[in-house]
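This report describes the overall form of one protein chain and then turns to a single residue within it. The sequence and the model are shown first.

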Amino acid sequence: MNLKKFALKGLIILAVFVALCMFFSGTIKTISTAKVRLYSPKNGKLEEKIELAGKIAFPDVERLSVEVDNGQTITIKKVNTRVGYTVKAGDVLIEAEVTGYDAALQECEANYNTAMDGMLALESKSGDIRIRRSDEAYATAYYALRDAKQAALKLGVAVQSLLDKAGATLPEEGYPEGADEALTAAIDQYRQALADQDAAQEAFQRASRYSVDEATWSYMTQRQTYQDQMDQAQEKMRSLSSLKARVEAISAPRDAYVAELNVKEGDVFDGSSWLLSITQEGKNPVLRADLSNVERNIVKGTTVNISTTRYGTLETQVLAAGTAPEGGKYADVEITQDMLDALGSVYSLTQTETPMSLVYRAKENTCLLPSSAVHGTGDERYVFVVNKEYNSFGNSSMKVSKYAVTVLGEVDGTVSIQEDISYYTLAYMEDRQIKDGDSVMEYTD
């Protein structure tokens with residue numbers, strides 16, 4: 001009986017001992033084995049957000065001006081618009097007046113009256129002079145030749161100025177190499193003026209066969225001088241009147257945005273530059289972002305996000321990218337109606353910069369991994385692939401093996417690699433350093 005009790009106690013002690021060994025064995029294994037998280041790689045396009053700020057820009061504009069006679073000016077009385085304003089066809093943008101209009105008009109009237117008085121006096125004292133048809137033909141040919149020579153001289157000076165600017169000379173035929181549209185047009189006009197001059201010279205030589213007596217020629221030339229003075233005074237008055245009507249209300253030729261203002265109230269304008277510019281038909285302003293510090297190649301169609309307090313994140317796109325004349329790279333971002341609803345008018349956008357995020361996406365799908373799953377530096381980068389092993393009792397364990405990868409890019413905690421390992425399971429975020437062939441256990445939260 002005592003023997004049975006002793007044997008039973010022994011069995012109980014042995015069972016407890018075995019259980020304790022198994023418990024501590026598992027605990028020791030748990031403590032000594034690295035804990036990892038498991039990750040299944042996915043394919044996709046690497047995405048990067050580039051924070052920038054955009055300023056209103058008007059890439060496609062038309063400059064508006066008024067033609068002012070040489071020596072005449074206008075004075076700006078009122079500017080009714082601002083950069084960024086929307087204008088409709090017919091809106092009065094600028095009000096101006098002809099500088100010294102009344103005095104200039106009075107001067108023209110005085111010149112006309114003086115010439116007219118001279119003409120009347122000449123006619124009064126020359127009543128006995130009779131002008132023949134041959135005399136009229138001679139005078140007509142003479143003045144035609146004079147005008148042709150003056151026109152050829154004026155156009156010749158203009159052509160020479162353009163040739164000097166281009167560093168070229170005028171060939172006997174054709175145009176200088178590399179001549180632009182303005183130079184070729186000026187050369188055509190000059191050559192036509194020379195042809196007109198030759199024709200006028202021939203007509204004058206034919207008319208010169210008939211002599212004009214001195215008294216008749218003196219009368220005819222004086223009369224022509226007075227007539228020229230009257231014509232010039234009349235033309236000046238017409239020009240002043242036309243200019244006055246045109247500048248009293250300088251209007252928008254069509255619906256557009258005002259892009260630039262080149263004058264302000266009180267300025268005196270002589271017509272040599274421009275008054276203001278508006279967007280070309282069908283063209284809108286953009287938000288221009290400076291890309292000087294951006295290494296990525298930003299292209300047309302790149303997505304742009306703009307965060308707003310009331311409307312959340314608005315999406316737009318890059319319309320164009322290029323290099324400014326001063327050398328800096330830029331991207332022009334489309335201004336949508338949603339953006340105007342959220343941020344205000346184009347005019348309000350001219351007052352400040354607009355923060356934006358350019359969303360750069362790689363052109364091709366690659367395998368994307370968390371940065372913490374990729375080890376190594378430089379060209380020697382690798383991941384740990386998880387391999388499951390089973391014993392004869394059907395129990396499983398996990399071991400890791402190194403797998404070399406080629407890193408293509410890394411953005412905000414995401415790595416793009418060249419190899420497709422989407423069919424593997426990776427170990428990452430390990431609680432201690434691991435190496436090739438180590439056993440690991442998965443975190444159990």
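## Burial and surface

A residue is called buried when its relative accessible area is under 20%, exposed when that area is over 50%, and partly exposed in between. In this predicted model, 34% of the 445 residues of the chain count as buried. The accessible surface of the chain amounts to about 27,900 Å², and carbon and sulfur atoms contribute 49% of that area.

## Overall form

The chain contains 7 helices and 24 strands. Its radius of gyration is 45 Å, whereas the globule rule gives 22 Å for 445 residues; the chain is therefore more spread out than a compact globule.

Among contacts in the chain with a separation of 6 or more, 73% link residues 24 or more positions apart.

## The setting of Ala 53

Ala 53 belongs to strand 3, which covers residues 47-57. Its relative accessibility is 31%, so Ala 53 counts as partly exposed, given that this class lies between the 20% and 50% limits.

Leaving aside neighbours within four places in sequence, Ala 53 is in contact with Arg 288, Ala 289 and Asp 290, and also with Glu 353, Thr 354, Pro 355 and Met 356. By contrast, Thr 140 is 87 residues from Ala 53 along the chain, and the C-alpha atoms of these two residues are separated by 70 Å.

Technical notes:
Residues are numbered from 1 along each chain as its sequence is written. This is a predicted model: local features need pLDDT of at least 70, side-chain atom pairs count only at pLDDT 80 or more; totals for chains, interfaces and linings use all residues. Side-chain values use heavy atoms; hydrogens and water are left out. Helices (H or I, at least four residues) and strands (E, at least two) are DSSP runs, numbered from the N terminus. The radius of gyration is taken over C-alpha atoms; the globule rule is 2.2 Å times the number of residues to the power 0.38. Buried means under 20% relative accessible area, exposed over 50%, partly exposed in between (1.4 Å probe, protein chains only). Contact means heavy atoms within 4.5 Å. Accessible areas come from the Shrake-Rupley method with a 1.4 Å probe; for residues, only the protein chains shown count as cover.
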